[in-house]
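This briefing is meant for a reader who is meeting the structure for the first time. Please look over the sequence and the model shown here before turning to the points that follow.

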Amino acid sequence: MKWKKYTIETTTAAEDFVSSMLSDLGIDGVEIEDKVPLGKEDMAKMFIDFLPELPPDDGVSLISFYLDAEEDHTEKLRQVEDGLKELRLFVEVGAGTVTESETEDQDWVNNWKAFFHAFTIENAVADGQETKDILIKPTWEELDPADADKILVEIDPGISFGTGKHETTQLCIRQLIKYMKQGDEVLDLGCGSGILSIVSLKLGAGHLTGTDVDEDCITSTYENFAVNHLTREQGDFYVGNLIDDTGLQEKVGTEKYDIVVANILADVIIPMAPVIPARLKEGGIFISSGIIDFKEQEVKKAIERAGMTILEINHQGEWVGITARK
């Protein structure tokens, strides 16, 4: 199936109006391109820790939508043109032109899978004993018999964040290997796909508790539990923000955890640091990552202000992992 792409050149001031007009015409799922800088809320939603460099905002916005290339859309396009004319009466629409191009059929939902393949986190030392390699494998790949003796973690991230391939996740996994003991209680903050929870259980954690601000991540986590032959009883997961949600803090518990792991963002870890010690047992370990290198000192200071002692600071690429003890 081929699609025709129609692109409206308008202004950033008219983006919402044009998008709403298209929705009223039954056209959903628009694509918007502009040079407006991202705000903090947008950054948090997109799991990024720093602003991309963009050219200066010129006020121009390109709004694209896709229609079946095999159908006649003359009437629909006439309605779009009429809608743009009406919008000109009360908002600056700009050029208001509509251009057409054709795109090949693509599986937008699954094409990204071509970039996620099985990989190994090589053995490390935990409690003086050498552990096995950890193999992180997407669910759609067959297990290579040569990897049969590795600790297997299967992941289908779905719409959540976390394939294990990212440097920040690997920084956390290596610290879990190093510091976690058999039977430990582990709290996974910002669980995403559940990868760190699953790794913890595979390494011998007694029980998992996890949180995420996105309910879909909780769904993904439980789905990945099932893939890895783990039961729901092995993990309790809650939706919410631990920073200021006292109800969530009560659900999670006080002085309960041997390990708290947070692979989030520097700008989330900093305000979260003060509530971490209350979750940890005395001597408990806080493993954090998702920290871009230029924010290392800010996060370090926040963790120290919360009364924890820095044990290690590790780097992988431009990312930083900080491990501390209560």
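Predicted model: local features only at pLDDT ≥ 70, side-chain atom pairs only at ≥ 80, totals over all residues.

F237 is a buried residue, since its relative accessible area of 9% falls under the 20% that marks the limit for buried.

**Aromatic rings**

- The structure holds 5 aromatic pairs, and one of them joins Y222 and F237 in an edge-to-face arrangement, with 5.4 Å from centre to centre and 85 degrees between the planes.
- Because Y222 belongs to helix α6 (residues 215-227) and F237 to strand β12 (residues 235-239), this pair ties together parts that are 15 residues apart in sequence.
- Y222 is itself buried, with a relative accessible area of 15%.
- F237 also pairs with F225, and because the ring centres are 5.5 Å apart and the planes stand at 90 degrees, this pair too counts as edge-to-face.
- F225 counts as buried, at a relative accessibility of 1%.
- Taken together, Y222, F225 and F237 are linked by ring pairs into a cluster.

**Helices α4 and α5**

- The axes of helix α4 (residues 167-179) and helix α5 (residues 195-202) come within 10 Å and cross at roughly 20 degrees, which means that α4 is roughly parallel to α5, given that angles under 35 degrees count as such.
- The crossing in which α4 passes α5 is right-handed, and the contact is made by T169, C172, I173 and L176 on the α4 side and by I195, L196, V199 and S200 on the α5 side.
- Of the residues in this contact between α4 and α5, 6 are nonpolar and 2 are polar, while no charged residue takes part.

**Loop residues with positive phi**

- H229, which is found in the loop between α6 and β12, has a positive phi near 60 degrees although H229 is a residue other than glycine.
- H229 is exposed, with a relative accessible area of 72%.
- E255, placed in the loop between α7 (246-252) and β13 (257-263), likewise has a positive phi, of about 45 degrees, without being a glycine.
- E255 counts as exposed, because its relative accessibility is 52% and the limit for exposed is over 50%.

Notes:
Residues numbered from 1 in each chain as written. Heavy atoms only, no water. Axes fitted to C-alpha atoms, helices over the stretch in contact; angles between N-to-C directions. Helix = DSSP H or I, 4+ residues; strand = E, 2+ residues; numbered from the N terminus. Parallel < 35°, antiparallel > 145°, perpendicular 65-115°, else oblique. Left-handed = near helix turned anticlockwise from the far one by under 90°. Contact = heavy atoms within 4.5 Å. Nonpolar A, V, L, I, M, F, W, Y, C, P; charged D, E, K, R; others polar. Phe/Tyr/Trp six-rings, centres within 6.5 Å; stacked < 30°, edge-to-face > 60°. Buried < 20%, exposed > 50% of the residue type's maximum accessible area, 1.4 Å probe, protein only.
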